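Q: Could you walk me through how strand pairing and helix packing are read from a model like this one?

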Amino acid sequence: MWVKVDDRLPSSRKVLRIPRTARPAAMGLWVMTAAWSSRDGTDGWIPAYVIEEHGGEIEHAEALVAAGLWDHDDRDGEDGYQFVKWAEYQPTQSEIDERRRIERERKAEQRRNKGGKFAGQDESHESPTDVPRENRGTPRKSHGSPTVPVPSRPDPSPSPTEREAPKRARALPDDWTPTEEHRALAAQRGVDCDAEAGAMRDWATDKGATGKDWDARFRNWLRRAEPPRGSQQRPNREVASRDSLVQAHFDMQQMGAP
């Protein structure tokens, strides 16, 4: 259980009545004994010996009485004190016991319903054992519209293992070679396709590079390649300018690698 403490307690008039020098010790005793009473179920009654057990002094208890937070209360010949208005701010032991009884009954009811039926389930529903054996497992026909077919169960969605797996970055395969598309692009750019392919392979091996689509990467490689100096062949920039930029942007998205 928990003890409720108002967050306005430090500014309470009753607390402010306690002298400053005694206030921390007195209110510390108040909090400690409140927790003790809640745990032991005494509804705010504090035997005198509990004060000493919690490091308090009688003068601290008397300061709480003078402030109106405690009252003197002797029970069965034993000296003690009583929290003022305990039942107004804290749950009483009888309320706690009733709450625990309701909780026990609720859990017991849940356990009884674990036999296969939920609480409140209508017993009049037809169970599988009430259906003739020859009719079990067959769909019931609609009497309102005999021409309407019995709805069938939809095809199950493919499992994650059945879906196409996303591409993963990998090293340049040993058997990779330029495609006809690459050779056409190299001719358009005025560069040696095989020489550029070898240069890219050396670069990939040296850097340990990986890629999701090496064909796309080589296309971009060719677009950045410059023809040898003194070469009479020059790239046809009028043909390649716009289409190359669009294709390069698409290829970079497909590669997933720099």
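Q: In which sense do β1 and strand β3 pair, and over how many bridges?

A: Two strands count as paired if DSSP finds at least two bridges between them, and here β1 and strand β3 (residues 80–83) pair in the antiparallel sense over three bridges. In β3, Gln82 is the bridge partner of Trp45. This is a predicted model, in which local features need pLDDT of at least 70, side-chain atom pairs count only at pLDDT 80 or more, and totals for chains, interfaces and linings use all residues. Residues are numbered from 1 along each chain as its sequence is written, and side-chain values use heavy atoms, with hydrogens and water left out.

Q: In what order do the three strands form the open sheet?

A: Strands are DSSP runs of E with at least two residues, helices runs of H or I with at least four, both numbered from the N terminus. The order in the open sheet is β1-β3-β2, with antiparallel pairing, and the edge strands, each pairing on one side only, are β1 (45–47) and β2 (70–72). Neighbouring strands of this sheet are turned by 30° against each other on average, direction ignored.

Q: Which strands does helix α2 lie across, and at what angle does it run to β1?

A: Axes are lines fitted to C-alpha atoms, for helices over the stretch in contact (heavy atoms within 4.5 Å), and angles run from 0 to 180 degrees between N-to-C directions. Helix α2 (residues 23–40) lies across β1, β2 and β3, running at about 105° to β1, while helix α4 (residues 58–67) lies across β2 and β3, at about 110° to β2.
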